[in-house]
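Here is a friendly tour of one protein model. Take a look at its sequence and 3D structure, then follow the points below.

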Amino acid sequence: MSRLLKEKALPYLWITLASVIYALGFCWCYEPNQIGFGGITGVGQIINHFLPWAPIGVVVILLNIPLFLLGWKFIGGRLLVTSLFAMAVSSIFIDLTAALYTFPPMDPLLACIFGGVLMGVSLGIVFLQGATTGGTDLIARLLKLKLAWLPMGKLLLVIDLVVIVAVAAAFHDLSSALYGLVALYISTIVMDSVLYGLDNAKVAYIISSRPDEISHAIFQELDRGVTVLHGEGAWSGEAKRVLLCAFKQRQIVPLKRMVKEIDPAAFLIVCEAHEVLGDGFREYKQNDL
């Protein structure tokens, strides 16, 4: 019972932490420096600019209602509930933070760098818990169902560009949009790093005259599997065995050293690999990003 409760409660604790980071990033870096912010929060920025009596968090909640109603048929109940929770908690923390403390403006470049990092981390955590913060995050999550090959960060980047331009127009400040674009790009990179970067891996293709020795060394020293591909030299016509091995980023140095010690003439190609699923790596989960 306690284990089940822990599994159910832990995602909401992570979402709460992410919401605090999200609110801190917005209230500390974006709002006092009038940096263009994408998404529904950016729209809330615009409305609050013209109607100062309308709290940004409340506006965000109201604008999200029709989006959640439209998205009901495309997302599961758990995603809807966790997304409602994330949207509500992040909006409440934004208004609560703004009410408790007014952050002074800082250097805009520092604001967009640190704001982008905080937003990227918070959104990455939220997405990892199978939720969104509503708004364009929810739109991007829905688009991901049709465009599964696109990273979440890139989807949000495209969607948020329009809102950032609108925020800059409302503030009559082109630099607001330019700083907003820098912050958006940074948050995109950080978010994709949180979602996919921790799962970074490499793939090595090894062509050697001593494939059995190299395979055995990889088994014994790196505890990695090896797949043998049967190839043929295009010029020589000679049959070759190509070793294919997926391994963690930290293992690249010992792998290269091992291969060259066994066969200095070995031909080695190392490629980036993302989303490696299976034994020794991440397991696939339903509705995975």
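Strand 2 and strand 3 run antiparallel and are joined by six bridges. Strands here are DSSP runs of E with at least two residues, helices are runs of H or I with at least four, and both are numbered from the N terminus. Two strands count as paired if DSSP finds at least two bridges between them.

This is a predicted model, in which local features need pLDDT of at least 70 and side-chain atom pairs count only at pLDDT 80 or more, while totals for chains, interfaces and linings use all residues. Residues are numbered from 1 along each chain as its sequence is written, and side-chain values use heavy atoms, leaving out hydrogens and water.

- Altogether, four strands form an open, antiparallel sheet in the order 2-3-1-4.
- Strand 2 (227-232) and strand 4 (267-273) each have a single partner strand, so one side of each edge strand is left without a neighbour in the sheet.
- On average, neighbouring strands are turned by 25° against each other, direction ignored.
- Helix 9 (residues 211-222) packs on the sheet and touches strand 1 and strand 3, with its direction at about 15° to that of strand 3. Contact means heavy atoms within 4.5 Å; axes are lines fitted to C-alpha atoms, for helices over the stretch in contact, with angles from 0 to 180 degrees between N-to-C directions.

**Helix 5**

- How far apart are the end C-alpha atoms of helix 5 (residues 108-128)? They are 30 Å apart, which agrees with the 30 Å that 21 residues should span at 1.5 Å a residue; the expected span is 1.5 Å times one less than the number of residues.
- Asp-107 caps the N-terminal end of helix 5, with a side-chain oxygen 2.9 Å from the backbone nitrogen of Leu-109.
- After helix 5 comes Gly-130, with a positive phi near 75°.

**The cavity**

- A search of the whole structure finds one cavity of 30 Å³ or more. A cavity is a set of points on a 1 Å grid where a 1.4 Å probe fits but cannot get out.
- The largest cavity has a volume of about 260 Å³.
- Helix 8 gives the largest share of its lining, five residues.

Note on methods
A polar contact is a pair of N or O atoms within 3.5 Å; within protein, one must be able to donate a hydrogen and the other to accept it, and residues adjacent in sequence count only if both atoms are side-chain atoms. On a 1 Å grid over the protein atoms alone, a cavity is a set of points where a 1.4 Å probe fits but cannot get out, and a pocket is an open set with protein on both sides within 12 Å along at least five of seven lines; lining residues have an atom within 4 Å of a point. Grid points are joined across faces, edges and corners, and a volume is the space filled by probe spheres set on the points.
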